[in-house]
Amino acid sequence: ERNEPLLLEGIARAAALDPDGARAAFERVLARSPGDPAASGGLATLDLQQGRPERARSRYLAVLEHRPGQVATLLELARLELQLDNAPAARSALETAVQAEPAALEPRLRLARLLGQSGQHAAALATLDAVRARHPDDPQLLALLGAAQTALGDAGGGRAAYRRLLDLDPKSAAGLYGYASACAAGSDDAGLRA
């Protein structure tokens, strides 16, 4: 049977602040289609709203039991793990998402951001290099590349990435700050002043 009407009912009930009705609709979908990502995600959202992060985690894990490598679920699981201050579990979920869809940009951006925050700039750069040619003008990719290159002592590479970002968006705060940081790291006083 089709699950869309029940999913829409669950979403509508959640929006109307009827969590019990939404939960019932999503549960009916899962009874028909165990591991359905949309229904499980809806239930996880309700669990989080009710302060039950462990239940939300179990919802995501149930999806992955039925559909290993389901990228949207892995991204949500990683987000939850970061909220729970569990960076290793978040990294594992993001690495699995990257393996599941190697050409996808979003999992790599999130993984590179996490790696950079933990000081693993070479790993962040390697993660981004794999999709760099496909997405040469993505602002998030350029900002993360610039940060990783600058942190690794490649101030020229950092400046180039940030310069490209500023060509695309001259008022980008991340681009301006990053470019200034790369200039400072490379002793480019003129660029820093500009």
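Which residues of α6 are buried? They are A90, A93, L94, A97 and V98. The model is predicted.

**Helix α6**
- Helix α6 spans residues 87-100, 14 residues in total.
- From first C-alpha to last, α6 reaches 20 Å, close to the 20 Å expected at 1.5 Å a residue.
- Viewed down the axis of α6, the buried residues fall within an arc of 140°, so they line one face of the helix.
- Exposed residues P88 and Q99 sit on the face of α6 turned away from the buried side.
- Packing partners for the buried residues of α6 are α5 (71-83) and α7 (105-117).

**Nonpolar cores**
- The largest nonpolar core holds 30 residues.
- Within this core, L94, L109, L128 and L145 touch the most other members.
- Two or more residues each come from α4 (53-66), α5, α6, α7, α8 (121-132) and α9 (139-151).
- Leaving aside neighbours within four places in sequence, L94 contacts L75, A78, P107, R110, L111 and L114.
- Another core, of nine residues, lies apart from the largest one. Its members include F26, V29, L30 and L43.
- In soluble globular proteins, nonpolar side chains tend to be buried together.

**Helix α2**
- Helix α2 covers residues 19-32 and has 14 residues.
- Its first and last C-alpha atoms lie 20 Å apart, close to the 20 Å expected at 1.5 Å a residue.
- Buried in α2 are G21, A22, R23, A25, F26, V29 and L30.
- These buried residues of α2 pack against α1 (4-15), α3 (37-49) and α4.

Technical notes:
Residues numbered from 1 in each chain as written. Predicted model: local features only at pLDDT ≥ 70, side-chain atom pairs only at ≥ 80, totals over all residues. Heavy atoms only, no water. Helix = DSSP H or I, 4+ residues; strand = E, 2+ residues; numbered from the N terminus. Expected span 1.5 Å × (residues − 1). Buried < 20%, exposed > 50% of the residue type's maximum accessible area, 1.4 Å probe, protein only. Arc of directions from axis to C-beta. Contact = heavy atoms within 4.5 Å. Core = buried A, V, L, I, M, F, W, Y, C linked by side-chain atoms within 4.5 Å.
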